Amino acid sequence: MEVIIVKDADEVAVTAADICCDMLTIRPNATLGLATGSTPIRLYEQLVSRYRAGDISFAKVATFNLDEYLGVGSDSPLSYRRFMNEHLFDHTDIDFVNTHFPTCAPGSDPRLMGPEYEDKIQRRGGIDLQVLGIGANGHIGFNEPGSSLGSCTRIKTLAQRTVNDNNRLLSENQIQPDMALTMGIGTILNARRILMLATGESKARAIARAVEGAVTAMCPASALQMHAYVRIVVDEAAAKELMQTEYYRWVRKKNESITAEHGGRAGEDPWFHPSLRI
Ligand code: F6R
């Protein structure tokens with residue numbers, strides 16, 4: 001895994017936005033896997049301002065969000081659809097028809113929605129770049145500790161810690177949902193490139209376990225060690241418990257010197273090199 005340590009949350013957002021923009025430059029019709037939560041908000045701000053500056057377009061892009069609460073309508077302030085509209089979609093030229101969430105219409109059987117979502121992703125040709133945050137307990141999407149490392153999209157009961165962590169986002173009279181439809185760890189691992197972001201000390205333990213710990217269902221993010229193209233962008237606070245920070249910084253310098261020697265950014269970044277079949 002390529003660990004990129006930068007100063008603070010703003011630099012995490014800029015670095016992640018550079019990577020997303022490279023993807024959209026190389027493949028304007030890219031399929032993006034997207035996350036909600038507080039971590040990617042600044043990334044989405046960056047993407048909106050780069051769209052406004054004319055650097056990128058979302059006109060041909062399709063998106064698949066990682067997860068959505070069960071039983072929460074798209075008009076609810078709690079819904080991830082609404083979150084994405086507010087933070088990204090409403091401010092770009094994306095066609096809303098191409099934005100997807102694992103949802104379940106009232107009265108439908110939520111157990112059948114997972115395979116449907118997987119089919120939709122397959123019909124679009126798979127996910128080119130999956131953006132992830134990480135829970136303090138190591139979850140990705142709503143794959144809580146103990147989730148199968150090969151899991152597909154399905155309903156999932158949230159861990160108590162996740163319910164507590166998410167409480168901070170609710171206003172007084174809102175009831176915290178405790179079930180969600182989420183892409184599985186297997187779904188995430190099928191993405192061609194994975195970009196995980198983490199900021200703040202509350203994520204330091206989870207990042208250390210995900211990057212340097214054993215691959216285990218008890219830390220779902222550790223499954224990313226099995227993927228060939230993962231970049232993890234963290235600020236110094238989230239990197240605090242990593243043991244090999246000097247090595248990650250050294251690798252970054254070496255990679256930058258290779259990029260400088262062999263070509264500029266978009267299209268030349270070895271992570272997106274055409275020969276690697278993005
Ligand atoms: C959200 C998601 C979650 C979050 C994680 C971190 O779609 O899939 O896994 O990425 O809970 O949330 P924040 O960024 O709010 O700390």
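This is a predicted model: local features need pLDDT of at least 70, side-chain atom pairs count only at pLDDT 80 or more; totals for chains, interfaces and linings use all residues.
Local features need pLDDT of at least 70 and side-chain atom pairs count only at pLDDT 80 or more, while totals for chains, interfaces and linings use all residues. Residues are numbered from 1 along each chain as its sequence is written, and side-chain values use heavy atoms, with hydrogens and water left out.

The chain has 8 helices and 10 strands, taken as DSSP runs numbered from the N terminus (helices: H or I, at least four residues; strands: E, at least two). Its radius of gyration is 18 Å, close to the 19 Å that the globule rule gives for 278 residues, so the chain is as compact as a globular protein of that length. That radius is taken over C-alpha atoms, and the rule is 2.2 Å times the number of residues to the power 0.38. Along the principal axes, the C-alpha atoms fill a box of roughly 60 × 40 × 35 Å.

Of the 278 residues, 51% are buried (buried means under 20% relative accessible area, exposed over 50%, partly exposed in between; 1.4 Å probe, protein chains only). Among contacts (heavy atoms within 4.5 Å) with a separation of 6 or more, 79% are between residues 24 or more positions apart.

The sheet comes next. It is open and holds 7 strands in the order S1-S10-S9-S6-S2-S3-S5, with parallel pairing. Its edge strands, S1 (2–6) and S5 (99–100), each pair on one side only. Two strands count as paired if DSSP finds at least two bridges between them. Strands of a sheet pair through backbone hydrogen bonds, either parallel or antiparallel. Strand S9 (residues 193–198) and strand S10 (residues 230–235) run parallel and are joined by 5 bridges; Ala198 has Val234 in S10 as its bridge partner.

Thr63 is found in strand S3 (residues 62–65). With a relative accessible area of 1%, Thr63 is buried. Leaving out residues up to four places away in sequence, Thr63 touches Leu32, Leu34, Phe89, Ile94, Asn98, Thr99 and His100.

Ala30 lies in the loop between helix H1 (9–26) and strand S2 (31–34). Ala30 counts as buried because its relative accessibility is 0%. Ala30 and Asp93 are 63 residues apart along the chain, and their C-alpha atoms are separated by 14 Å.
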